[in-house]
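User: I would like to go through this model with you. Could you start with how the helices cross?

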Amino acid sequence: MSTQRAVLARTASRGSGVRGREAQAGWLFVAPVIVLLGLFLVLPVVMAAWVSVSDWTGRGSPFSAEVDFVGTQNYSELLFGGGLATQDFGTALRNNSWYVLLVVPTQTALSLFLAIMVNRKWLRGSSFFRTAFYFPSVTSSVAITVLFLFLFSATGVVNKVLQAMSVSGPNWFADPRGVLHVLLAWLGVERGPAVLTDHAVLGVSLWQWLAGPSVAMSVLILMAVFTTSGTFMLLFLAALQHISDEVDEAAMMDGTTAWQRFRFVTLPMLRPTVFTVMTLGLIGTWQVFDQIYTGTQGGPGKTTVTPAYLSYTASFQSQQWGRGAAIAFILFAIIITMTVLQRRVIRGRDKDGL
Amino acid sequence: MSAPRATTWRERLGGGRAGGSLLAYAVLLLLAVVYVYPFLVQVATSFKTDPEAVANPLALVPQVWTTAAYERLFLRSDFPVWFRNSLLVTLCVTAGRVFFCSLAGYALARLRFRGRGVVFASLVAVMAVPGVVLLIPRFLVVKQLGIYDTFAGMIIPLLADATGVFIMKNYFESVPRAVEEAARIDGAGTFRTFWSVVLPMARPAVITIVILSFQGSWNELAHFIVSAESPELVTLTKGVAQLAAGQLGQGSQFPLKLAAAVIMTIPVAVLFFVFQKRIMSATTGAVKE
C-alpha cells in the first residue's frame with residue numbers, strides 16, 4: 001500500500017501543476033529567512049562599507065547629499081596617520097593579539113585535558129565533572145564578568161587566597177603594567193633597549209608591543225579560558241567517543257606508555273577537532289566586546305581596548321562613524337585572513353600525510 | 001561486557017590502579033572546585049552585607065544573612081523592567097527562530113525549487129560573517145528602517161539564524177519521506193503537511209533550536225546596546241553591564257551586583273539542568289563544522 005502511494009506521489013509530482021506549487025511553497029518557506037538575513041546581515045555590511053569610505057558624522061542619513069566620499073582616508077588615518085587614531089588602533093591590536101595568543105592555545109590544551117580526564121571509562125561521577133566544567137559556558141558574559149570583577153577586586157577572593165600563601169596580589173583590574181614588563185622589572189630591567197623603544201609600529205613602540213597583556217587583561221584572559229573550556233571539552237569528548245577502544249588497546253599490547261599512546265595514537269586521531277577548536281577559538285577571541293564593555297571600558301591605561309570595542313567607542317562616543325566602520329572592516333579582514341591561513345596550514349600538513 | 005574491559009584499563013593505567021586513579025580523582029576534584037567555587041561564592045555574597053562582602057569574600061556562609069540586595073533590586077530599581085524586557089525579547093526571538101528556521105530548513109531539505117542550491121550556498125557564506133563586525137552596520141540599518149529604540153529593532157534582527165536553518169535541514173533529511181507523502185496523498189497542502197505532520201516529528205531538533213536561541217538571546221548584549229537607548233527598553237544584560245560599570249551610586253556594592261548576576265543566570269541555569277543531556281549534544285552539533 002505504501003509503495004503504491006509513493007509511486008503515486010512520484011507520478012503526481014511530475015505533473016507541472018504540483019511541481020509549480022512545490023516550487024512556490026519552497027520559495028515562500030525560505031523567504032522570511034532570506035529577507036531577514038538580507039536586511040540585517042548583507043545590507044548592513046554594504047552600508048558600513050559605504051560609511052567606512054565616507055565622512056558621515058552620525059547625523060541624518062549616511063546617503064544624504066551632505067555626506068562626502070573620502071576614499072581610503074579613514075583606513076589610512078588608522079594605519080598610516082601616525083596620530084592618536086593610529087596609536088589607539090595599534091594599542092587595540094596589541095592588546096587583542098596577546099589575548100588571542102594566550103587564550104587560544106590555553107583553552108585548547110585545557111579543554112583537551114578536561115575531555116581526556118572525564119572520558120575515562122572507570123571514572124565515577126563523570127557527569128558531575130562534565131556539568132561542573134561546562135556550567136560557566138552557559139551563563140552570560142555579563143554575569144561572568146561581574147563575578148570576575150568581584151573575585152579579582154583589590155580585597156577579593158583571589159587576593160585573599162594569595163594572602164593566605166603570604167603573597168600580596170595586585171589590584172588586578174586597575175593595573176596597566178604589562179606582565180612581561182613586570183617580569184623584566186623583577187630581573188632588574190626597567191627600560192627597554194633603544195632598538196625597541198625608538199622604533200614604533202602603528203604608533204606603538206616595539207617595547208610596548210612586547211609588554212605582554214596588562215595585569216587587567218590577564219584576568220580577562222583567565223576568564224575567557226574559564227568560560228570556553230567547557231564548550232570545547234564537549235567537542236573533544238564527542239571526537240574521543242569515535243575513537244575505538246581497540247586501537248588504544250592494540251597500542252597497549254605493544255607495551256606503550258600512557259603518554260606514548262596519547263601522543264602517537266589519540267592526538268593524531270583528534271587532529272581535525274584540535275583544528276576546529278583552534279579556528280573557533282581564533283574567531284571568538286578576535287571579537288572580545290561584552291567583557292570590555294561590562295568590566296573595564298578599555299582601562300586601565302587603554303590596555304584592555306580591543307578593535308571591536310574601539311570600533312564601538314569611535315562610532316557611538318566620538319561620532320567618528322567612518323573610522324568605526326573602517327575598524328570593523330579591518331577586524332573582519334584579520335579574522336578571515338587568520339582563518340584562511342590556518343586552513344592552509346592544515347591542508348598543507350594533510351598533504352604531507354600523517 | 002564493559003566491566004572486564006574497565007578492569008584491564010584500570011590495571012594498565014600507569015603504575016597500578018589505586019595510585020593512578022587516586023591521582024586522577026584528586027586533579028579532577030581540584031579542578032571542579034576551581035570551576036564551581038566562584039558560583040557558590042557568588043550566591044553567598046549576594047546575601048551578605050556590603051562591609052562583609054569586602055572583609056570576608058571567601059566565606060560560603062554569611063555571618064549576617066540579609067536580602068537587602070534583592071529587595072533593592074526588585075523594589076527600588078529598574079531591575080524588574082529589565083527582567084521583563086529580557087523575557088519578552090527572548091520569548092519572541094525563540095518562537096520566531098523556531099518557526100522561520102524550521103520553515104526554511106524544511107524547504108531546503110525537501111521541497112524542490114529552482115535556486116535551492118544558491119540559497120543554500122548563500123547561507124553558508126553568511127554564516128562566516130563574525131557577529132561583532134555587524135555591531136555598527138546593524139545600527140545603521142535599524143536606524144534607517146526607523147525601528148531604532150523599539151522592541152521591533154531589538155527583536156527582528158535576531159530572528160533569522162543561519163545555524164538554526166542548518167540544524168533543522170539536517171534533521172528533516174533524516175525523517176522518512178513516506179510519512180509526508182502519505183499526508184499529501186490524503187490531500188494536505190504543503191504547509192499543512194509541514195506543520196502538522198513533519199514538524200511534530202522533528203521535536204528533538206526543535207528543542208535544540210529552542211535551547212540555542214533562548215540561551216543566545218537571553219545572553220545577548222551587543223545588539224541591545226546598538227539597537228535601543230531608552231531606559232524602558234534596557235534588558236538584563238545591558239542593565240547589569242551598566243550597573244557593573246558603576247552607575248548605581250557609590251562604593252563597590254558587590255552584593256547588589258552579584259545578586260543581579262545570580263538572577264540573570266537562573267533562567268539559563270534552569271534550562272541547562274532540565275535539558276542537560278540534550279544541551280551537551282546540541283552544543284557539539286551546532287558548533288561542529
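Analyst: In this predicted model, α4(A) and α11(A) form a right-handed crossing.

User: Where do those two helices lie in chain A, and at what angle do the axes of α4 and α11 cross?

Analyst: Helix α4 covers residues 84-118 of chain A and helix α11 covers residues 215-240 of chain A. Their axes come within 7 Å and cross at roughly 40°. The two helices, α4(A) and α11(A), are therefore oblique to each other, since angles under 35 degrees would count as roughly parallel.

User: And which classes of residue make up the contact of α4(A) with α11(A)?

Analyst: That contact has 18 nonpolar and seven polar residues, and no charged residues.

User: On to the two chains. How many residues of chain A are in contact with chain B?

Analyst: On the chain A side there are 82, in contact with 86 residues of chain B. Helix α2 of chain A (residues 16-52) gives the largest share of the chain A side, 21 residues. By class, the chain A side has 54 nonpolar, 20 polar and eight charged residues.

User: What does the domain assignment give for chain B?

Analyst: Chain B is assigned domain 1 (2-72) and domain 2 (77-287). Eleven residues of domain 1 are in contact with eleven residues of domain 2 in chain B.

User: Which elements give two or more residues to the domain 1 side?

Analyst: They are α2 (17-46), α3 (50-55) and α4 (68-75) of chain B. The largest share, four residues, comes from α2(B). By class, this side of domain 1 of chain B has five nonpolar, three polar and three charged residues.

How values were computed. Residues are numbered from 1 along each chain as its sequence is written. Chains are lettered from A and ligands numbered from 1 in the order in which they are written. This is a predicted model: local features need pLDDT of at least 70, side-chain atom pairs count only at pLDDT 80 or more; totals for chains, interfaces and linings use all residues. Domain bounds come from an automatic or database domain assignment. Two residues are in contact if their C-beta atoms, placed from the backbone, lie within 7 Å. Ala, Val, Leu, Ile, Met, Phe, Trp, Tyr, Cys and Pro count as nonpolar, Asp, Glu, Lys and Arg as charged, and the others, Gly among them, as polar. Axes are lines fitted to C-alpha atoms, for helices over the stretch in contact, and angles run from 0 to 180 degrees between N-to-C directions. Angles under 35 degrees count as roughly parallel, over 145 as roughly antiparallel, 65 to 115 as roughly perpendicular and the rest as oblique. A crossing is left-handed if the near helix is turned anticlockwise from the far one by less than a right angle, and right-handed if clockwise.
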